[in-house]
Amino acid sequence: IQPVAGAFADRYGAARVLYGGLLLLAAGSALTPFMSSTWGLIVSLGLLSAIGSGAGSFSVLIGASSQRLPLDARAAASGVINAGGSFGQFVFAPVLQSLIVLIGWMGAMWALALASLAAMPLVRVLTRPTDAPPPVAHESSLWQSLRQALADPSYQLLNISFFTCGFHIAFLVTHLPGEVSLCGLPTSVASWALAIIGLSNIGGSLYAGACVARYRSKYILFWMYGSRAMMIALYLLAPKSDLTFYIFAAGLGFTWLATVPPTAALVGKLFGIRYLGTLFGVTLLSHQVGGFFGAYLGGMALTQFGDYSWMWYADMALASAAAIANLPVRETPVVRPAAA
């Protein structure tokens, strides 16, 4: 949904999209306890909640903030937005678990719906008029800009590398508990490792946002993806203990979604911020497609081979390829033809 949400936000304003997203997210959470079939859960969780959360995700939020901030503050803002997602995950996981114990899972879902509605006043704060100058209009329309971006080699390379990011993240989120179990360690190690990933990502996102203002974004992405490949190699060589998983989680968490600020910055540099919500939404779509394959193929590997060895090798190879793919990316704006 993120490319569609980004396009609607670029065309009609972010406020409508964010309000609609929060309402859909609240509806999906509130209706889930009433669903008694697979298709019902697909509608409430797989469609309503997913579309709602996608409409309020990076493409719309970063696009809206970029149009209200000066150039030197946009990268830091994208880092804060990214860190906010991880902080919310870190806070809500234990809160909802406690609510499940106190009032049951149905009550916890309704509480989540209320929390979604409680965020609606923040939309007005984010989208209120400012004294910042409006973005310079481009000669091209949204669809012309999208076609131009899709034909641009640098944009294609960014989408390919972000596919790898999604593959990596979804594989770990889905299958890290299984890897911990295969190593003969208690399940608590997996939960603590995922919590460490979330906390580490907060620091990594803020650091990445700060680095974008000082270094070329493509080199930041090169080192992030390259470090993932090195960390996986070290993990495969290390003895499998609690400490190994915690160090591994902290290292990977630092680059977890810290790729978002430099990637969004590159899209903005290449094509401007007028249609940033749409163009970065397409890049996020590539990320989610990679996530599908990371989660699905991880399960296939476990079924076929009894462990995740081949997935670790594939993840390491893809991370290395993504690091190299970012080096040819151009960081100068695309020159648009003059208006007739």
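Trainee: In this predicted model, which residues is S205 in contact with, leaving aside its neighbours within four places in sequence?
Mentor: S205 is in contact with G79, N82, A83, L257, A258 and P261. Its place is in helix α9, residues 187-212.

Trainee: Why is S205 called buried?
Mentor: The relative accessible area of S205 is 0%. Buried means under 20%, so S205 is buried.

Trainee: What makes S78 buried or exposed?
Mentor: S78 has a relative accessible area of 3%. The limit for buried is under 20%, and therefore S78 is buried. S78 lies in helix α5, residues 71-118. Not counting residues up to four places away in sequence, S78 touches I62 and P261. P261 is also among the contacts of S205.

Trainee: Why is α4 described as mostly covered?
Mentor: Eight of the nine residues of α4 are buried. They are F58, S59, V60, I62, G63, A64, S65 and S66. Among the elements of the chain, α4 (residues 58-66) has the lowest mean pLDDT, 82, while helix α14 (residues 309-326) has the highest, 94. For the chain, the mean pLDDT is 86, and 94% of the residues reach 70 or more.

Trainee: How do you know that R330 and D152 meet in a salt bridge?
Mentor: The N to O distance between their side chains is 2.8 Å. The rule asks for a side-chain nitrogen of Lys or Arg within 4 Å of a carboxyl oxygen of Asp or Glu, so the pair R330 and D152 qualifies. The pair links distant parts of the chain, 178 residues apart: R330 is in the segment after α14, and D152 is in the loop between α7 (142-150) and α8. By this rule the count comes to one salt bridge.

Trainee: What makes L24 a member of the nonpolar patch on the surface?
Mentor: L24, in helix α2 (residues 14-31), has a relative accessibility of 32%. Patch residues need over 30%, so L24 passes that cut-off; at this value L24 also counts as partly exposed. The patch is formed by I1, V4, F8, Y12, L24, W39, I42, V43, L47 and I51, with about 930 Å² of accessible area together. α1 (2-12) and α3 (38-55) each supply at least two of its residues, and α3 gives the most, with five.

Trainee: Which residues have the most contacts inside the largest nonpolar core?
Mentor: They are F248, V267, F280 and W312, in a core of 49 residues. Helix α8 (residues 153-182) gives the most to this core, with 10 residues. A second, separate core of 11 residues includes A5, A9, V17 and V123.

Trainee: What does V267 touch, not counting residues up to four places away in sequence?
Mentor: V267 touches Y155, L158, G272, L276, L279, F280 and T283.

Key. Residues are numbered from 1 along each chain as its sequence is written. This is a predicted model: local features need pLDDT of at least 70, side-chain atom pairs count only at pLDDT 80 or more; totals for chains, interfaces and linings use all residues. Side-chain values use heavy atoms; hydrogens and water are left out. Patches are made of residues with over 30% relative accessible area and no salt bridge: like charges are joined within 9 Å, nonpolar side chains (Val, Leu, Ile, Met, Phe, Trp, Tyr) within 5 Å. Accessible areas come from the Shrake-Rupley method with a 1.4 Å probe; for residues, only the protein chains shown count as cover. Helices (H or I, at least four residues) and strands (E, at least two) are DSSP runs, numbered from the N terminus. Buried means under 20% relative accessible area, exposed over 50%, partly exposed in between (1.4 Å probe, protein chains only). Contact means heavy atoms within 4.5 Å. A nonpolar core is a set of buried Ala, Val, Leu, Ile, Met, Phe, Trp, Tyr and Cys residues joined through side-chain atoms within 4.5 Å. pLDDT is the predictor's confidence in each residue, from 0 to 100.
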